[in-house]
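Biologist: Before I rely on any of the terms used for this fold, could we go through them one at a time, setting each value against its definition?

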Amino acid sequence: MAYEVPPLPYDYPALEPYIDEETMHLHHDKHHQAYVTAANKALEGTEWADKPVEEVLQNLQSIPDDKRNVVRNNAGGHYNHSLFWEWMSPAGGGEPDGALREALDAAFGSVEDFKAKVKAAGVGQFGSGWSWLVHDGSGLAVVSTPNQDSPISDGKTPLLGVDVWEHAYYLKYHNVRPDYIDAWWNVVNWPKVSERFEAAGS
Ligand code: MN3
């Protein structure tokens, strides 16, 4: 079945004032839709057309040469954004707790240190990309990727990701990516991060 943009799990203005309504409309309805449309077009008629997007991204080397880049970018865009909407919530913010908090403290020293690392990776990503908390099979790590490259293609499980493409913040934060990342923590859906952390078998 062709991919579809999942509905937002909250209303477009729900993340105000941190993420503005117009950005959410453009980001979800236009940008995410464009990735889905292009991914479906590229995969149509191939053996990968009906595969879960995770499986496609874990097997990019098997995608036909003439389609690999467009699939990497657009199936990646679909997967990353489908998660991104769920990593935010109008009830978000605050602090992680439970096993996730213990693991963040153990891996990074403190939640504050962890946030600083995610911010540094996001600010340091030249051009478009993402900053991530991943489980890399042995433990937690913060990594960045360019474009729509997803950690899942490198055998890592993304537990949390912040989109640092200009389309994610430019209307409200203009060129000031660090302010966007600082504000973004106010909408982070920690229970969703915990759920993925526990599912990663940590
Ligand atoms: Mn985006």
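Modeller: Let me begin with a term we shall need, contact, which means heavy atoms within 4.5 Å; please keep in mind that this is a predicted model.

Biologist: What covers the buried residues of α8?

Modeller: The buried residues of α8, in the helix spanning 190–199, are W190, K192, V193, S194, R196 and F197, and they are called buried because each has under 20% relative accessible area. Their cover includes the helices α3, α4 (98–108) and α5 (111–124), together with the strands β1 (129–135), β2 (140–146) and β3 (157–163). After α8 comes G201, with a positive phi near 80 degrees.

Biologist: Why are β2 and β3 called edge strands?

Modeller: The open sheet has three strands in the order β2-β1-β3, with antiparallel pairing, and β2 and β3 are its edge strands because each pairs on one side only.

Biologist: How do you know that β1 and β3 pair?

Modeller: Pairing requires at least two bridges, and six bridges join the antiparallel strands β1 and β3, so they count as paired. As one example, V134 has P158 in β3 as its bridge partner. Against this sheet packs α3, which touches β1 and β3, its direction making about 80 degrees with that of β3.

Biologist: What span does α3 reach, and where does α3 bend?

Modeller: With 22 residues (65–86), α3 reaches 32 Å from its first C-alpha to its last, close to the 32 Å expected at 1.5 Å a residue, while a bend of about 35 degrees is found at V71.

Methods:
Residues numbered from 1 in each chain as written. Predicted model: local features only at pLDDT ≥ 70, side-chain atom pairs only at ≥ 80, totals over all residues. Heavy atoms only, no water. Helix = DSSP H or I, 4+ residues; strand = E, 2+ residues; numbered from the N terminus. Expected span 1.5 Å × (residues − 1). Bend = angle between axes of the 7 residues up to and from the residue. Buried < 20%, exposed > 50% of the residue type's maximum accessible area, 1.4 Å probe, protein only. Axes fitted to C-alpha atoms, helices over the stretch in contact; angles between N-to-C directions.
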